[in-house]
Amino acid sequence: MPSRKIAAALALTTLLSGCGLITHGTYQKIRFISDPPGAEVWVNDQKQTINGEDQTSSLPRHEAVVTFKKAGYIPEIITLKCKTSSYFYWSLVMGILAAGVDWIAGSWREFEQDTVSVTLKPEPGTRPQRTVVVTSSPPGAEVSIGTASLGRTKGQGETPLSVLLTWEADEKEESKTLTFTLYDHESKNMTLRRGDKAIFAKLDPKPEEIPVDFYSVPGDATVLIDGDRITGRTPTSATFKWVSDTKPKKVEFQKEGYQPLSLTLNRGNRTIRVELKEIITESLLKIETVPAGAYIEVDGSLSGPAPSEISLKWSVLTTQHKVRCILPGYQTSQAFTVEKATQSPVRISLKPMLPRLP
């Protein structure tokens, strides 16, 4: 007999565990949001105590009339309707007993919405106010309307700057101009429209103008900054605008006959001096002598016996070479000039030296 009572108790517990009364009760949390915030919430003519942390209140699961009230605004009335809870269908599956419990308790219902949000309209002839959250990057900017300061924007982790702005009932302007001012940054005007709840301003750093002098050896070189040519040739100067996030600039010196030279211009540079290197090319010139075997001298340096191909170096400064041939017992040839354009072999005939008479 006791075992039958235990089995019955277990069966009853199982049935009741499936009903809505046990699983979600007869009350439901509803979140209330008003614009502007701070409105009183009345449900069926009873003022509600609102949880300030999540703006909620628990209501019995019955159709209700919700009224939002705030001084200076027209009350807003919302009907909070109910629908059949999904838990009730599970109660039916569990049996008539579980469903009956839900029906009697009223837990078979649930509200169609769990958040009620309204925008209140100002009463005629009033001065409606709106709280606006103001932020900037970087923070710390002073915010003002005309000459009236509204405060300074806050940093990360701090409570944002909230300002209460008023629009006159007959004010035609749909927006207000907020000015953001921060040291070492450009001031910025931002437009705040009547319905905006927040405004954000990204401030640009003020540029610092820094003059830079450019010198090169040899002079008269062209200077390019990030590919753009600056006025004048070296020695020359230019002024650059720098801000905190400006990247270094690429500087290039160019001069005909010299290798281009690139380097980096940083914010701290005031003077840049460079030495340019010549572009050097080489060519071969064949020299023959009669008789053969004479030594070839190029610009005062011996290079080997003829016939021979000698290597000649050319640059913007070296445009010609002095060559002569030397052979014992023969008169040294007069020096002759070799131009860069010379390509044909050179043949030199040496004269024997005459014996000296006593």
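Start by selecting Arg-152 and Glu-142, whose side chains meet in a salt bridge at 3.8 Å, N to O. A salt bridge here is a side-chain nitrogen of Lys or Arg within 4 Å of a carboxyl oxygen of Asp or Glu. Arg-152 sits in strand S14 (residues 148–152) and Glu-142 in strand S13 (residues 142–145), 10 residues apart. Strands are DSSP runs (E, at least two residues), numbered from the N terminus. Arg-152, at 45% relative accessibility, is partly exposed, and so is Glu-142 at 31%. Buried means under 20% relative accessible area, exposed over 50%, and partly exposed in between (1.4 Å probe, protein chains only).

A word on what you are viewing: this is a predicted model, where local features need pLDDT of at least 70, side-chain atom pairs count only at pLDDT 80 or more, and totals for chains, interfaces and linings use all residues. Residues are numbered from 1 along each chain as its sequence is written, and side-chain values use heavy atoms, leaving out hydrogens and water.

Next, select Lys-197 and Asp-35: this salt bridge has its closest N and O atoms 3.9 Å apart. Lys-197 lies in the loop between strand S17 (188–193) and strand S18 (198–202), and Asp-35 in strand S1, so the pair ties together parts 162 residues apart in sequence. Is Asp-35 buried or exposed? With 11% relative accessibility, Asp-35 counts as buried.

Now pick Glu-40 and Lys-47, another salt bridge, at 3.3 Å from N to O. Glu-40 is partly exposed, at 34% relative accessible area.

How many salt bridges does a search of the whole structure find? The search finds 7.

Terms used. Helices (H or I, at least four residues) and strands (E, at least two) are DSSP runs, numbered from the N terminus.
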